[in-house]
Amino acid sequence: MFHLAKGLYASWNRKEQYSVLILGLDNAGKTTFLETLKKESALSSKPLEKIAPTVGQNVATLPLKNHPGVLLKVWDVGGQEALRAMWSEYYAQCHGIVFVVDSTDRARMDECRETLTSVVTDDEVEGVPILMLANKQDRADRMEIEDIKEIFNQIAAHLGARDSRVLPVSSLTGEGVLDAIEWLVVRLERNKTNRPPQYK
Ligand code: G3D
């Protein structure tokens, strides 16, 4: 009887766990985004451990205030050129991709576009929702969101019917971060027959 009750309890409390890759060039703000997300999404007020700058990978499993049945396992695998070669090893396992763009880095916008193109055209990410974050919107020297959307829309042709969106955020101030995650979680759940979550 105890085992039955324990089994039922475990199954009622099962959570859907989705893996999300945080990609983008180095210095885009990926580490800051993950750190802010950890703070903003935390269910408890207990301080979470500080994330060090990305040298290999940072991984955090986050419960979400607005989605008690969902866990996000978020991977920041680093954006330096040498690390980008390893991104594809994570594609088959991921449920969603967040691509972080430094909205102030006009000089690297082409590199950013090429990098994103190589991500979205990889067969292993077919059907995966892609969220592009125009980060550092708190800075006066940022590019306008409309201009960043235009760059992204050139790539959107590769995305077909897949869910994709460009959203403005500031990972530093937290502005827009929870809205961005809300957009993503809805798409992850919608896409779960395609890419089923793990149950924890
Ligand atoms: P990465 O993990 O993509 O390499 P980081 O990038 O998160 O390490 O961020 C790179 C730099 O950009 C950091 O500054 C960080 O504070 C800054 N940054 C990240 N997000 C934002 C943002 O939304 N607004 C502003 N103004 N700055 C941001 P430092 O000076 O530490 O290199």
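Close-up 1. A polar contact here is a pair of N or O atoms within 3.5 Å. With that in mind, welcome to a predicted model. A backbone N or O atom of Ala28 lies 3.2 Å from an oxygen atom of the ligand. Lys30 also faces a ligand oxygen, with a polar side-chain atom 2.7 Å away. On the side chain of Asp138, an N or O atom is 2.7 Å from a nitrogen atom of the ligand. Taken alone, the ligand exposes 650 Å², and the protein buries 65% of that area.

**Close-up 2. Here is the shell of residues around the ligand.** There are 16 residues around the ligand, and those that come nearest are Asn27, Lys30, Thr31, Thr32 and Asp138. Helix α2, which spans residues 30-41, gives the most to this shell, contributing three residues.

Close-up 3. The protein around the ligand buries 65% of the 650 Å² that the ligand exposes when taken alone.

**Close-up 4. Arg14 meets the ring of Tyr199.** In this view, look for the charged end of Arg14, which sits over the Tyr199 ring. The distance from that charged end to the ring centre is 4.3 Å.

**Close-up 5. Finally, a word on aromatic pairs.** With ring centres required to lie within 6.5 Å, the count for this model comes to one aromatic pair.

Definitions and conventions. Residues are numbered from 1 along each chain as its sequence is written. This is a predicted model: local features need pLDDT of at least 70, side-chain atom pairs count only at pLDDT 80 or more; totals for chains, interfaces and linings use all residues. Side-chain values use heavy atoms; hydrogens and water are left out. Rings of Phe, Tyr and Trp (its six-membered ring) pair if their centres lie within 6.5 Å; planes under 30 degrees apart count as stacked, over 60 as edge-to-face and the rest as tilted. A charge sits over a ring if NZ of Lys or CZ of Arg is within 6 Å of the ring centre and within 35 degrees of the ring normal. A residue is near a molecule or strand if one of its heavy atoms lies within 4 Å of it. A polar contact is a pair of N or O atoms within 3.5 Å; within protein, one must be able to donate a hydrogen and the other to accept it, and residues adjacent in sequence count only if both atoms are side-chain atoms. Accessible areas come from the Shrake-Rupley method with a 1.4 Å probe; for residues, only the protein chains shown count as cover. Helices (H or I, at least four residues) and strands (E, at least two) are DSSP runs, numbered from the N terminus.
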